[in-house]
Amino acid sequence: MEVINSKDLEKLNALNNHHVLKIVNEFVNLCKPSKVTVITDSIDDIRYVRKRAVELGEEIELNLKGHTVHFDAFFTMSNHDQARDKGNTQVLVPEDEQASYPWINTMEREKGLKEILEIMDGCMKGHECIIRFFCLGPKNSKFSILALQMTDSFYVGHSEDILYRAGYEEFKNLNGSDEFFYFIHSSGELTGDPPVTKNLDKRRIYIDLKEGRVLSVNNQYAGNSLGLKKLALRLGIYKANNEDWLTEHYFIMGVHPKGKTRTSFFCGAFPSACGKTSTAMLPGQTIIGDDIAYLRVWDDGYAHAVNIEKGIFGIIKDVNAKDDPVIFDALTTPRETIFSNVLIKDGTPYWIGDGRETPNDGDSFSGYWNKGIKDINGIEIPHAHPNARYTIGIEELNNADPNLHNPDGVPVHGILYGGRDSDTMPPVIESLNWDHGVFLGATIESETTSATLGAEGVRTHQPMANLDFMVVPLGKYIENHGKFGSKLDSYPKVFATNYFLKNEEGKYLNGILDKLIWVIWAEGRVHNDFRAIETPIGFIPEYLDLKSLFKQYLDKGYKEEDYNQQFSIKPRKILEKLDRIEEMYKKEKNVPEFFWKLLNNQRQDLTHFLNEYAMDEIPPHILK
Ligand code: SPV
Ligand code: MN
């Protein structure tokens, strides 16, 4: 390789791993970068990545120290690279296995490889390629998996430095084995200033389960480009489900009820843009992670979880001082932060719902922006993209949990599953037992958002908020969840939350910070602090407990009529939901027996309920 100098080659050779050398060789020959730079864990190497991101214009420095902005490609409001591209993300599997994956795009492996390798031929021409080494999970931990990333995007490299633990030294401990994931990414041909991907029509993200690798080309948006994020999530789900542990789309947080000395650890899965990060960043609580976790059965009888990341790639829309005070504070103080796809005016970032006056013009995700500007299809362009994001490290936040890097992870006491559901499920319910908890997670429905390309507001199935990443048959995945719990002496209590209930006029029934109350109630239930009302769909809170929590935590009143409206059980609506769920799961082979049993029992109970009360909405006080 002439494009690599002897110093960089020495860094590669020091790993003593011929698999690494082979991969680097293969993809340098294919992608044809003009230069190859190897980045170790040293501060100088990592600084170089950030410096190059700015020099190349992939990031632009802002007023506050450490702040930069990055833009992804934009042509029109419906043709851009500012969200995950589900359509061009394909899982490569042998032809006879394709039928096992009705929920995701699959492609016959050899055909897919041929196509993407052709697109990748020469994709890094004129670019510098960096070779990166990371550790998914804490260092020296049984949970962790190593990852090799090659990319010609310094924004990708810089984002990964904020989001993932360095792994060059860990690679040395592999002793030459091939037990690591690898990710090859290229932004492809670039256009304009700032440099963004030109050929979105040739955007491809192909997941090769057999080789434990992902090839991604002609994109920059982190959900498509950063190997270690959603691409590694898929490889992790595949690996975990063929072993005996779990890879999940979970946040991990420490919950600290007032007046108690205990901390309880909660995980939670929510589809994108449904309040996941803001739950993990609730005031008074501590955060371990906001997106992806590995879980294992631990010898203390609990499930233990680690965050495979160490930073947050969060949605910035609606982050303001009132609704998300902890995040807002983090984003408006000097620290290493990458903003993406926001509006910049005089070196300050603005976004939708930031609680500030929007400037009349500025530089935005769509280029130069002024109020009222439209795309070529006549669609008005907002000042920031609804899926605009921020990237920050967790370590330096005041609310970082001290266990962030604990190699043993933390014991999981509770799990929350949530979706964006305007009319069916109450704000919080507790499962009856572990299997019922799996059922609650498996039956989450959610309306689509701007976090993925395509129409918004369409009701979709979102089992464990993982359907986009479901690279094993769903039936097998659900069964593994059931089995996982049965190996635990103390299984986590499982809750389903819904922050998005609306009244008939379309107004939200809850304030944004009300989620704190549901979380504190759930934590209290883990410790038997509160009584609850049993319903056919699970336990719901009692009014007086919530009233006192609202007062204590938010200094707010909570009217009984609001409680009755929010926590009414709607048998007809839920029966309709069960029909949709049945329709979906019928397409799946090997759905475990307990799932069908729970579905049928619930249907029976709700039908009785409907006959007994003859009401479409049954308020909780009747049930007590
Ligand atoms: C999500 O959409 O679930 C995210 C951001 O966490 S992305 O990296 O786009 O997946
Ligand atoms: Mn996510």
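## Cavity

A cavity is a set of points, on a 1 Å grid over the protein atoms alone, where a 1.4 Å probe fits but cannot get out. Its volume is the space filled by probe spheres set on the points, which are joined across faces, edges and corners. This is a predicted model, in which local features need pLDDT of at least 70, side-chain atom pairs count only at pLDDT 80 or more, and totals for linings use all residues. Residues are numbered from 1 along each chain as its sequence is written, and ligands from 1 in the order in which they are written.

The whole structure holds one cavity of 30 Å³ or more. The largest cavity has about 150 Å³ of space. Its lining (residues with an atom within 4 Å of a point) numbers 17 residues, and M425, T443, I444, A496 and K577 come closest to the centre. Eight of the lining residues are nonpolar, six polar and three charged.

At least two lining residues come from each of strand 30 (414-419), helix 11 (434-442), strand 34 (493-498) and helix 16 (571-586). Helices (H or I, at least four residues) and strands (E, at least two) are DSSP runs.

K230 sits in helix 8 (residues 227-241) and D291 in the loop between strand 19 (286-289) and strand 20 (293-297), 61 residues apart.

K230 has a relative accessible area of 7% and is buried (under 20%, with a 1.4 Å probe and protein chains only). D291 is also buried, at 8%.

Key. Side-chain values use heavy atoms; hydrogens and water are left out. Buried means under 20% relative accessible area, exposed over 50%, partly exposed in between (1.4 Å probe, protein chains only). On a 1 Å grid over the protein atoms alone, a cavity is a set of points where a 1.4 Å probe fits but cannot get out, and a pocket is an open set with protein on both sides within 12 Å along at least five of seven lines; lining residues have an atom within 4 Å of a point. Ala, Val, Leu, Ile, Met, Phe, Trp, Tyr, Cys and Pro count as nonpolar, Asp, Glu, Lys and Arg as charged, and the others, Gly among them, as polar.
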